Protein chains: 2
Amino acid sequence: MKRVTIGDVAAHAGVSTATVSRVLNGGLVAESTAARVWEAAESLGYSPNALTRSIFAGRSSTIGVIIRDLSSPFYLDLIRGIDEVAAASDSPVMLANTYRRADREAAQVRAMDQQRVRGLIITADETADSQARRMAENGTPCVIVARNPPGLHSVSLDDVAAGELMAAHLADCGRSRVGVVSGRNRPTQVKRVTGLRHGLVERGLPEPEEVLVENEDEVDAAVGSLLHRNDTVVCTTGRLTVSVHTALTARGLKMPDDIGFLTMDDFPWASTLGISVVAQPAYEMGRRAAELVVEEPAVPARIVFQPTLIARGSCGSGV
Amino acid sequence: MKRVTIGDVAAHAGVSTATVSRVLNGGLVAESTAARVWEAAESLGYSPNALTRSIFAGRSSTIGVIIRDLSSPFYLDLIRGIDEVAAASDSPVMLANTYRRADREAAQVRAMDQQRVRGLIITADETADSQARRMAENGTPCVIVARNPPGLHSVSLDDVAAGELMAAHLADCGRSRVGVVSGRNRPTQVKRVTGLRHGLVERGLPEPEEVLVENEDEVDAAVGSLLHRNDTVVCTTGRLTVSVHTALTARGLKMPDDIGFLTMDDFPWASTLGISVVAQPAYEMGRRAAELVVEEPAVPARIVFQPTLIARGSCGSGV
DNA sequence: ATGAAAGCGCTAACAC
DNA sequence: GTGTTAGCGCTTTCAT
């Protein structure tokens, strides 16, 4: 039950703790001594205490990642990118899911701070920004994902471009009356709608009709209200894709003939179902975010990625 | 840049570090002193160092969770259950994704051990069991999910029952010739097939025809080979659901008329697509796993959950 | 009610 | 090369 410490190893090998420490960290030690120490460590089942190491270093080597919604494919790919970079720099990753609850977000940021993470990657509301700023001042690099608040590192998507990409594709497919389901109060989604509107108007098409929802429950009614006057439904967030798609198919509507459908973020079922999407380079975004944590640039980096369209036919065929 | 320590707070409040510590942990302190200390902590922006606390306690309060595949809905629900219980006991959760790579699994278990996690919940291959046992001996409660190796806590599904549930439903739907796509070398899936076989034979139906695959790439061919002689395809793991479904629909087959389809684990798109599944109570399993970590029962607990069938028509309609 | 001081497991100067 | 020793930030007796 009592943990094996460096002292036990030292005693077993007949050397001092300092020597053991040197062996473990690749300092200058005689071959024979090193061998004895390794053997002792092995036979005692020694496992170094990362906590004590960190306390000495002033911070741990762990990278903290706060995710709003693990069930979203975007975040999964983001995490994959982060994991990749973190593994390369030998940093454990501490992932926390906040389930989009503001109180949990705040609590998780605080927890990560207290764990003295080496850096923090945050996907959260504006409310977390001030906490992040305080951490940054204390020397913990914080990267905000999907938004780009001033004074902090950020990795985000060109959301306006995403909207314009949607508009271009819809125009190519000969769609003209566009209904939009969008999340309430989401700056990201507001920009996407702005881009969409701009792109449509620019092409001489009517402005999109927008309806805002808070969560899944409201989607069916929202979609219903859009169907009267539109031939296409656009969804500005991957999170609502399932609900919107369900609302459509539940009414017996077939894509693209009865209704056009275009949404954000690629996901595994999209290709089987033939759903066209505007995708974010999530994996790359994750990599960059992690790199910012590792490299700690002195001035806040604001990295913006470009979206891409993946046409699969749910809006009809292009030009 | 220099972190505020308990000493700074003490100096600022004109008391000793011991007193600050007592205030922070709710010891016996005079109201007025406590107030001064809180104020000092506040104004200095003090954030307690969880690392040093843990080193003193001998272990951290963090619960480690090692997941094979974050993209699987089963694990997402499992995590939700874990998070819920962990939050209630004020334990941060450290999540690690291993992407089904044995080397990463081993590395993550080791990392968690070195972080001195309070307990560990593992979804991994047999290869990790010995590491887990060693940790358990050192006083770190380890819970294995989805398998139940001797000597360790475990939370798993009655896989044979899952197979039998499948057989029963298929029989109800009048299916008789069943092809099975299953993962190679997965004890869990072997049991499911056993249950399926037993259930079918018991009802006087022919044995299922099984084909083993390693990963997604092989699924299409596997499914193709099953279609000649069968009217139904069963998939024994949620991980392959997309690929199997794609292989089916890509051939223009409609469910349930052209082909029956039954798979494991519920997922968001299943209801929209009308896919019948045998589901695991993932959320509850997560809760129990976390509870085992928190409660640290002295003798290994082996908890087995029962699967449920969710019929949605992809095999036709039941009796 | 409060302070002084020892010590948690480990690292890093500084001696020898 | 290797040992001694002083901390890292915090908690916890033991005095006062």
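**Close-up views of a predicted protein–DNA model**

**View 1. Helix 5 of chain B.** Phe74(B), Tyr75(B), Leu76(B), Leu78(B), Ile79(B), Gly81(B), Ile82(B), Asp83(B), Val85(B) and Ala86(B) are buried in helix 5 of chain B (buried: under 20% relative accessible area; exposed: over 50%; partly exposed: in between; 1.4 Å probe, protein chains only). Helices (H or I, at least four residues) and strands (E, at least two) are DSSP runs, numbered from the N terminus. The model is predicted: local features need pLDDT of at least 70 and side-chain atom pairs count only at pLDDT 80 or more, whereas totals for chains, interfaces and linings use all residues. Residues are numbered from 1 along each chain as its sequence is written, chains are lettered from A and ligands numbered from 1 in the order in which they are written, and side-chain values use heavy atoms, with hydrogens and water left out. Helix 5 spans residues 73–88, and its 16 residues reach 23 Å from first to last C-alpha, close to the expected 22 Å (1.5 Å times one less than the number of residues). Asp90(B), with a positive phi near 60°, follows the helix.

**View 2. The surface near DNA strand D.** Phosphate oxygens of DNA strand D lie 2.5 Å from a side-chain N or O atom of Thr19(A), 2.5 Å from a polar side-chain atom of Thr33(A) and 2.7 Å from one of Tyr46(B).

**View 3. Salt bridge between Asp129(A) and Arg147(A).** The two side chains meet at 2.8 Å, N to O (salt bridge: a side-chain nitrogen of Lys or Arg within 4 Å of a carboxyl oxygen of Asp or Glu). The pair links helix 7 (residues 129–137) of chain A, which holds Asp129(A), to the loop between strand 4 (142–145) and strand 5 (153–157), which holds Arg147(A), 18 residues apart. Asp129(A) counts as buried because its relative accessibility is 7%; Arg147(A), at 12%, is buried too.

View 4. The closest N and O atoms of Glu291(B) and Arg287(B) are 3.9 Å apart. Both residues lie in helix 13 (residues 282–295), four residues apart, about one turn. Glu291(B) is buried at 19% relative accessible area, whereas Arg287(B) is partly exposed at 23%.

Terms used
A polar contact is a pair of N or O atoms within 3.5 Å; within protein, one must be able to donate a hydrogen and the other to accept it, and residues adjacent in sequence count only if both atoms are side-chain atoms.
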